[in-house]
Each structure stands twice: as structure tokens, then as C-alpha cells.
Amino acid sequence: MNFKTMSLISAVALALPTLGMADADDDTLVINEEIEMTTKAAAPAHLDGALGDKVMSGWHFRSDETQAMEMDDFDNPGMLGVEDGEVIWNTVEGSEGKSCASCHGESSEMAGVKATYPKWNDGAEEVRTLQMQVNDCRVNQMGAEAYGYDKGGALPLEALLSSVSRGMPVNVAIDGPAQSTWEQGKDIYYTRFGQLNLSCANCHEDNYGNMIRADHLSQGQVNGFPTYRLKNTKLNGSHSRFKGCIRDTRAATFNPGSPEFVALELYVTSRGNGLSVEGPSVRN
């Protein structure tokens with residue numbers, strides 16, 4: 001057995017969950033003692049029993065200390081991104097002399113929008129994520145430059161729009177013209193990538209509740225994105241997390257904003273239909 005083969009075997013062993021179990025807890029998430037969150041819900045029928053009868057927010061798989069940070073906006077560092085998003089929302093930019101508020105009013109009037117994205121856009125004839133829709137508004141309504149995906153003002157604005165929808169149920173449509181994109185996302189979810197030959201499902205469907213090294217595997221729900229990760233001390237978008245997961249399998253990965261990750265976001269979001277919009281959440 002050569003060194004390269006031994007190294008690959010060792011890497012696979014490290015990537016596999018340990019035998020230790022740490023089931024999701026039964027705690028209740030109430031933010032600011034007033035926003036009651038649905039963190040466990042009946043599994044959507046389209047999952048065909050893949051997650052049993054229940055879907056669960058990643059909040060249930062975090063430590064008590066991390067959970068507590070999300071329960072109070074003063075303790076949640078992701079709310080700093082929301083504050084930045086509010087400033088951006090009201091800032092006039094571009095050749096048309098408009099801000100987001102010029103067309104949409106107060107950010108609070110956007111409650112419920114985040115819960116329906118990604119969604120099919122008839123005019124563009126494509127599935128759009130919320131960041132894609134923000135950029136369309138910036139370019140075509142404000143005459144401003146588009147943000148890079150998961151960069152610049154895109155994440156603070158997504159965090160702001162998520163925050164005003166907290167507690168509302170995720171409800172993305174997967175039928176009609178969006179179905180083919182949803183099917184593409186499903187294919188990606190179950191595709192094994194990289195030298196470690198792992199798919200999203202291997203961790204978040206087959207092994208949620210197990211410990212992988214020092215981390216507690218969740219169902220990989222994205223209802224809490226954008227999320228503030230303690231690991232890198234900043235807001236993270238779902239596409240950046242997808243990229244990191246595929247990279248960790250030692251594979252060439254897709255880029256945030258790519259058609260592949262748009263499809264994957266639609267599929268993964270649909271797996272959490274019925275859970276509350278929770279972002280900005282706090283995760284490890």
C-alpha cells in the first residue's frame with residue numbers, strides 16, 4: 001500500500017461520523033421572548049420518508065450556549081449584519097436616485113418574502129434566489145451595480161429580509177416551471193463528490209444526530225440562513241456553505257450564484273418547508 005492510498009484511507013476515516021450519538025434536543029426557540037419559532041415540523045410529503053416524519057432546524061443540534069445567543073437579538077452577532085442591511089435598504093444608489101425603500105417602503109413591509117424564495121420568475125423564465133432578485137432590482141430599477149454573490153451588501157440585505165420574516169413558515173414552490181430546477185437540485189444533493197465520495201445526503205440524511213469529529217451533524221436545513229458562524233466570525237450565505245461542503249470532499253466545487261447552487265438551494269430549502277424562517281441564526 002503506497003503513501004497516497006494510506007493518506008486517502010485516513011482522510012475517509014476522519015470524515016466518517018463516529019459511533020457517538022447526540023440526538024437533537026427538545027428545547028423551544030423563542031426569540032426576544034416574543035417570536036415563537038417552529039423548529040420541528042412534519043416532513044414534507046416530497047421527501048418520501050427520507051427524514052422520517054419530522055424535519056428539524058439546525059438550532060436543535062447546537063450547544064446550549066450557541067442556542068442562547070440566537071434567542072436574544074442583543075446577543076446574536078448576526079444582527080449586526082441586519083443593522084448594516086437596514087442602512088443599505090435606505091441608501092440611495094445608482095443613476096435612478098433610488099433606494100430599496102423608494103419602491104418597497106419600510107423593510108418591515110417585506111415580511112413573508114424570504115419564506116417563498118427561491119422561486120420561479122415568469123419574466124426571466126428562471127428560478128431566482130433572493131440575492132438574485134435584489135441584484136435585478138439594483139441593476140434595472142436603481143441603475144446600481146450588482147453585488148457579488150454572498151458578498152458586499154448582498155448578505156446584509158438578505159439577513160435584513162430574513163429577520164422581518166422570522167417565525168413565518170418556509171413555503172417554497174417546487175411544482176410547475178420550477179420543477180425541473182428542483183429536480184436538478186435533488187440530483188446534486190444525492191451525487192457523491194470528491195476523493196471522499198460523499199454526497200449531501202450521506203451526512204445530513206443518513207447520519208444526522210451523529211458526531212463527525214467534534215461537530216454534531218444536523219439535517220442540513222437552510223431556514224436559518226444567512227447564519228453567523230462562530231468558526232469564521234461572520235455572516236455566511238447558503239451558497240458559501242454549499243461550496244465549503246463540496247470542497248471538504250476534496251472535489252472541484254461550484255461557485256456561489258451558479259445555476260447548480262441555485263438549484264441546490266431550491267431543493268434544500270424545500271426540505272425544510274414548514275419550519276420557521278430563522279435567519280440570521282447562530283451556528284458553529
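Mentor: What follows takes each label, sets a value against its cut-off and concludes. Keep in mind that this is a predicted model.

Trainee: Which residues of H7 and H10 make the contact?

Mentor: H7 brings Thr 181, Trp 182, Gln 184, Gly 185, Lys 186, Ile 188 and Tyr 189. From H10 come Pro 259, Glu 260, Ala 263, Leu 264, Leu 266, Tyr 267, Val 268, Ser 270 and Arg 271. By class, the contact has nine nonpolar, four polar and three charged residues.

Trainee: Now the largest nonpolar core. Which of its residues touch the most other members?

Mentor: The core has 29 residues. Val 55, Tyr 189, Phe 242, Leu 264, Leu 266, Tyr 267 and Val 268 touch the most other members. Strand E4 (50–56) and helices H7 (179–189), H8 (200–204), H9 (238–248) and H10 (259–271) each supply at least two residues. H10 gives the most, with six.

Trainee: What does Leu 264 touch?

Mentor: Leaving aside residues up to four places away in sequence, Leu 264 touches Gly 185, Ile 188, Tyr 189 and Phe 242. A second, separate core has 18 residues, among them Val 82, Trp 89, Cys 100 and Met 110.

Trainee: On to charges. How many salt bridges does the structure hold?

Mentor: Eleven salt bridges.

Trainee: Why is the pair Arg 138 and Glu 93 called a salt bridge?

Mentor: The closest N and O atoms are 3.2 Å apart. The cut-off is 4 Å. The pair is within the limit, so the label holds. Arg 138 sits in helix H5 (residues 130–142), while Glu 93 sits in the loop between helix H3 (79–89) and helix H4 (100–104). The bridge therefore ties together parts that are 45 residues apart in sequence.

Trainee: Are the two partners buried or partly exposed?

Mentor: Arg 138 has a relative accessible area of 4%. Buried means under 20%. Arg 138 is therefore buried. Glu 93 has 26%, so Glu 93 is partly exposed.

Trainee: How do you know that Arg 128 and Asp 136 meet in a salt bridge?

Mentor: The N to O distance is 3.4 Å, and the limit is 4 Å. On burial, Arg 128 has 10% relative accessible area and so is buried. Asp 136 is at 21%. The buried class stops under 20%. Asp 136 therefore counts as partly exposed.

Trainee: What makes Glu 205 and Arg 271 a salt bridge?

Mentor: N and O are 2.9 Å apart. The cut-off, again, is 4 Å. Glu 205 lies in the loop between H8 and strand E7 (211–212), and Arg 271 lies in helix H10, so the pair ties together parts that are 66 residues apart in sequence.

Trainee: Why are Glu 205 and Arg 271 called buried?

Mentor: Glu 205 is at 14% relative accessibility and Arg 271 has 1%. Both values are under 20%, so both residues are buried. Elsewhere, salt bridges that share partners join Glu 70, Glu 278 and Arg 283 into one network.

Trainee: Last, the backbone. Which peptide bonds are cis?

Mentor: One joins Phe 225 to Pro 226, with omega near -5°. Pro 226 lies in the loop between strand E8 (215–216) and strand E9 (227–229). Another joins Gly 279 and Pro 280, with omega about 0°. Pro 280 is in the loop between H10 and strand E11 (281–283).

Trainee: Why is Arg 250 called partly exposed?

Mentor: Its relative accessible area is 48%. Exposed means over 50% and buried under 20%. Arg 250 falls in between, so it is partly exposed. Asn 197, at 40%, is likewise partly exposed.

Technical notes:
Residues are numbered from 1 along each chain as its sequence is written. This is a predicted model: local features need pLDDT of at least 70, side-chain atom pairs count only at pLDDT 80 or more; totals for chains, interfaces and linings use all residues. Side-chain values use heavy atoms; hydrogens and water are left out. A nonpolar core is a set of buried Ala, Val, Leu, Ile, Met, Phe, Trp, Tyr and Cys residues joined through side-chain atoms within 4.5 Å. Buried means under 20% relative accessible area, exposed over 50%, partly exposed in between (1.4 Å probe, protein chains only). Helices (H or I, at least four residues) and strands (E, at least two) are DSSP runs, numbered from the N terminus. Contact means heavy atoms within 4.5 Å. Ala, Val, Leu, Ile, Met, Phe, Trp, Tyr, Cys and Pro count as nonpolar, Asp, Glu, Lys and Arg as charged, and the others, Gly among them, as polar. A salt bridge is a side-chain nitrogen of Lys or Arg within 4 Å of a carboxyl oxygen of Asp or Glu.
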